Amino acid sequence: MKATFKYILALFLSLTFITACDEGFDEINTNKVDPTSLAPSLILNKAIIATTYLDGVSTLGMLCYNFGIVQQVITPYGSSLSGGNYNQLNNANSPLVWVNFYRNVIKQLVAVTEQTKDDPLSKNIYHAARIWKAYAFMILTDTYGDVPYFDAGKGYISEEIRPKYDPQEAIYKDILKELEEASAALDAAQPAVTTDILYGGDVARWKKLGYSLMLRAGMRLTKVDATTAKSYVAKAVAGGVFASNADNSVIRHTSLYNNFIANHLAAREKTNFYLAAPFVNYLKDNNDPRLPVFAVRYVGAKGGPEQSGDRASSDPKVQIGMPMGYNDVTINSVLAENGVVSLWDFTQINLTTVLKLDAPEFHITYAQVQLLLAEAAVRGWVTGEAADYYAKGIRANLEQMSLYDPKATIKEDAILAYLKVHPLETAKALEQINTQYWVATFLDGNESWANFRRSGFPALKKNPYPGSEIKEDFIRRMPYPDSEIVVNLQNVNDANTRQGPNDLNTRIWWDKK
């Protein structure tokens, strides 16, 4: 009997202890610091940040293709760095825009729009997300052509894991519609979203961003649909585009949150990338005051360790761009004729100005807007003198240099002198405007490459590399990633049937000969 009593007592005490231990269990085991959800405004910020060169891998893709195709930045090295420098397909670098945008940017933007579309208190976040989504899809479709658009980003929402590819024509028409509707619908009467990373909730500036992107998107169609292009250019101007450099869409960096291109070229790729001869020669031949801001040469360097501060010079007279068409072996055959002692002696991007670790990165600028308006004026699509827009665009970009660093400021007398000797000439207007656009989009490889294909300027010569894999003079698009061929083959095949072979030669819809 005693044994039974002891057993019952022990069981009772055990149950009491367990019950006591269970009290407050949920509260104790709930993480009160780690959020279970994010405010839509913060998700939008994340998408904006991810759109700019997200990490070192994405940056490498841009350096290896876009910058090399437009002959601004080049590397003589192959292997993991090959791409536009050799006019070859590099399956590691060509899909990087796709991977970053669909896995990060588009997923986040679709999440924001789904969360806010029916919430009247989140009206401005919703429309800002629509504007940024239009911008992000411009980059995607300009890079690959037909892409998943209407069904994109819905994997978590509606389990759409094999989205169909939409024709680029349909994508651009919807992008223009979205920019028009969203820009008009932004409401200045609503409380400002102060966490907004671009404009701090300034609705007027978001409207200008939307209409400025509409101008850019409209001008993309100059070769394929001039009527639509003219219509939307007029709507953009009527809505109100950027009015000064204060309106620029820009990501700012700090010593802790670095400019990724700067970080990349200051570290593992420091000795690998150089300013290309066509870019340096254009700036040098025209006494362009931006050359010392963009460029530095480690004069006489015979190796990476000799690229030291005591050799660094931004003097325009000593800058020598790396010629196109060579690898790290064949480049040695032209060192003497170029006036350098080694490949490490060619001009590089200036890491103390435009590529400081805390240098800003621009998405679209007042300078670019003015140059697009100059072309629109040449075409008779907007009122005003093309020469005035042209001069304002050049001035704006020259003044923009001070936003990289105070020591990069171009003085007023230098600006006036440059403008005086570079007036717009009617017979060469389109070439002059779009060549200046090439300079004004330096370090924005997506836009430089897109406008080069659209306009045909600057008048670059074909990269003469003997191992080229392209039939065209220049790479026209990036092929779809192998991962898409594995998981979404039917839709890839449908796009290829409609658009053309899945290679570097196929022109996208708006890029007509």
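This is a predicted model: local features need pLDDT of at least 70, side-chain atom pairs count only at pLDDT 80 or more; totals for chains, interfaces and linings use all residues.

Me: OK. Which residues touch the most other members of the largest nonpolar core?
Reply: Trp 132, Ile 175, Trp 206, Leu 209, Ile 349, Val 354 and Phe 442 do. The core holds 148 residues.

Me: And which helix gives the most to this core?
Reply: Helix H7, residues 123–144. It supplies 13 residues to the core.

Me: Take Ile 175. What is it in contact with, leaving aside neighbours within four places in sequence?
Reply: Ala 134, Phe 137, Met 138, Tyr 149 and Ala 217.

Me: Switching to helix pairs. How do H10 and H11 sit, roughly parallel or antiparallel?
Reply: The axes of H10 (residues 203–219) and H11 (residues 226–239) cross at roughly 165°. Angles over 145 degrees count as roughly antiparallel, so H10 and H11 are roughly antiparallel to each other. Their axes come within 8 Å.

Me: Which residues make that contact?
Reply: From H10, Tyr 211, Met 214, Leu 215, Gly 218 and Met 219. From H11, Ala 229, Tyr 232, Val 233, Lys 235, Ala 236 and Gly 239. The contact of H10 with H11 divides into 8 nonpolar, 2 polar and 1 charged.

Me: Now H19 and H20. What angle do they pack at?
Reply: About 165°, with the axes 9 Å apart. That makes H19 roughly antiparallel to H20. H19 spans residues 429–440 and H20 spans residues 445–455.

Me: Left-handed or right-handed crossing?
Reply: H19 passes H20 in a left-handed crossing. H10 passes H11 in a left-handed crossing too.

Me: Who meets whom between H19 and H20?
Reply: Asn 434, Tyr 437 and Trp 438 in H19 meet Glu 447, Ser 448, Asn 451, Arg 454 and Ser 455 in H20. That contact of H19 with H20 has 2 nonpolar, 4 polar and 2 charged residues.

Me: Last one. Where is Pro 278 found?
Reply: In helix H13, residues 277–285.

Me: Why does Pro 278 count as partly exposed?
Reply: Because its relative accessibility is 24%. Buried means under 20% and exposed over 50%, so Pro 278 falls in between.

Me: What does Pro 278 touch, not counting residues up to four places away?
Reply: Gln 71, Met 324, Trp 438 and Leu 460. Pro 278 and Gln 71 are 207 residues apart in sequence, but 6.4 Å apart C-alpha to C-alpha. Trp 438 also came up in the contact of H19 with H20.

Definitions and conventions. Residues are numbered from 1 along each chain as its sequence is written. Side-chain values use heavy atoms; hydrogens and water are left out. A nonpolar core is a set of buried Ala, Val, Leu, Ile, Met, Phe, Trp, Tyr and Cys residues joined through side-chain atoms within 4.5 Å. Buried means under 20% relative accessible area, exposed over 50%, partly exposed in between (1.4 Å probe, protein chains only). Helices (H or I, at least four residues) and strands (E, at least two) are DSSP runs, numbered from the N terminus. Contact means heavy atoms within 4.5 Å. Axes are lines fitted to C-alpha atoms, for helices over the stretch in contact, and angles run from 0 to 180 degrees between N-to-C directions. Angles under 35 degrees count as roughly parallel, over 145 as roughly antiparallel, 65 to 115 as roughly perpendicular and the rest as oblique. A crossing is left-handed if the near helix is turned anticlockwise from the far one by less than a right angle, and right-handed if clockwise. Ala, Val, Leu, Ile, Met, Phe, Trp, Tyr, Cys and Pro count as nonpolar, Asp, Glu, Lys and Arg as charged, and the others, Gly among them, as polar.
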